[in-house]
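I opened my notebook to look around a protein model, one topic at a time. Come along and check each entry against the picture.

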Amino acid sequence: MRESHEKNVRDNANRFRAADDARRVHDVVIFHWEMLPASGEAVLARGLEFLVVDGSGKIVADYQFFPA
């Protein structure tokens, strides 16, 4: 995760935004995200985030999926 942040955010100045589709069912939260350049709206990458959270909402597992 750290390497991804360094490559995509620190070095290439990209930014991320969550799509407006987050859902929580019990201890699972899922949402799609997009990576964009610092200036502009061209989507460079998309993915699906799958989070497992505890009773207080703290993330205990984080899985990312990228479309083929």
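**Entry 1: a charged pair.** With which residue does E34 form a salt bridge? I looked it up: the partner of E34 is R46, and their closest N and O atoms are 3.3 Å apart. A salt bridge here is a side-chain nitrogen of Lys or Arg within 4 Å of a carboxyl oxygen of Asp or Glu. This pair links distant parts of the chain, since E34 sits in strand 3 and R46 in strand 4, 12 residues apart.

**Entry 2: what I am looking at.** I noted that this is a predicted model, in which local features need pLDDT of at least 70 and side-chain atom pairs count only at pLDDT 80 or more, while totals for chains, interfaces and linings use all residues. Residues are numbered from 1 along each chain as its sequence is written, and side-chain values use heavy atoms, with hydrogens and water left out.

**Entry 3: the overall plan.** I found one helix and five strands in the protein chain. Along the sequence they follow the pattern α-β-β-β-β-β. Helices (H or I, at least four residues) and strands (E, at least two) are DSSP runs, numbered from the N terminus. The C-alpha atoms fill a box of roughly 35 × 25 × 25 Å, taken along the principal axes. Of the 68 residues, 22% count as buried. Buried means under 20% relative accessible area, exposed over 50%, and partly exposed in between (1.4 Å probe, protein chains only).

**Entry 4: back to E34.** Is E34 buried or exposed? E34 is buried because its relative accessible area is 15%.

Entry 5: How many salt bridges does a search of the whole structure find? I wrote down seven. One of them joins E41 and R17, with the closest N and O atoms 2.7 Å apart. E41 is exposed, with a relative accessible area of 51%, whereas R17 is partly exposed at 31%. I then saw that R15, R17, E34, E41 and R46 are linked in a network of salt bridges. Elsewhere, D11 and R10 meet in a salt bridge of 2.7 Å, N to O.

**Entry 6: a buried charge without a bridge.** I turned to E49, in strand 4. E49 is buried yet has no salt bridge, and R23, the nearest side chain of opposite charge, is 13 Å away. For charge, Lys and Arg count as positive and Asp and Glu as negative; His and the chain ends are not counted. The side chain of E49 does make a polar contact with the side chain of Q64, at 3.4 Å.

**Entry 7: the nonpolar core.** Which residues make up the largest nonpolar core? My list has six: V29, F31, W33, M35, L51 and V53. Such a core is a set of buried Ala, Val, Leu, Ile, Met, Phe, Trp, Tyr and Cys residues joined through side-chain atoms within 4.5 Å. Strand 3 (28-36) and strand 4 (45-53) are the elements giving two or more residues to this core. Strand 3 gives the most, with four.

**Entry 8: aromatic rings.** I found three aromatic pairs in the whole structure. Rings of Phe, Tyr and Trp (its six-membered ring) pair if their centres lie within 6.5 Å; planes under 30 degrees apart count as stacked, over 60 as edge-to-face and the rest as tilted. F16, W33 and F66 form one aromatic cluster. F66 lies in the segment after strand 5 (59-65) and is exposed, at 54% relative accessible area. Leaving aside neighbours within four places in sequence, F66 is in contact (heavy atoms within 4.5 Å) with W33 and R46.

**Entry 9: a loop residue.** Last, I checked H26, in the loop between strand 2 (23-25) and strand 3. Its phi is near 55 degrees, a positive value in a residue other than glycine.

Key: Polar contact = N/O pair within 3.5 Å; in protein donor to acceptor, adjacent residues only side chain to side chain.
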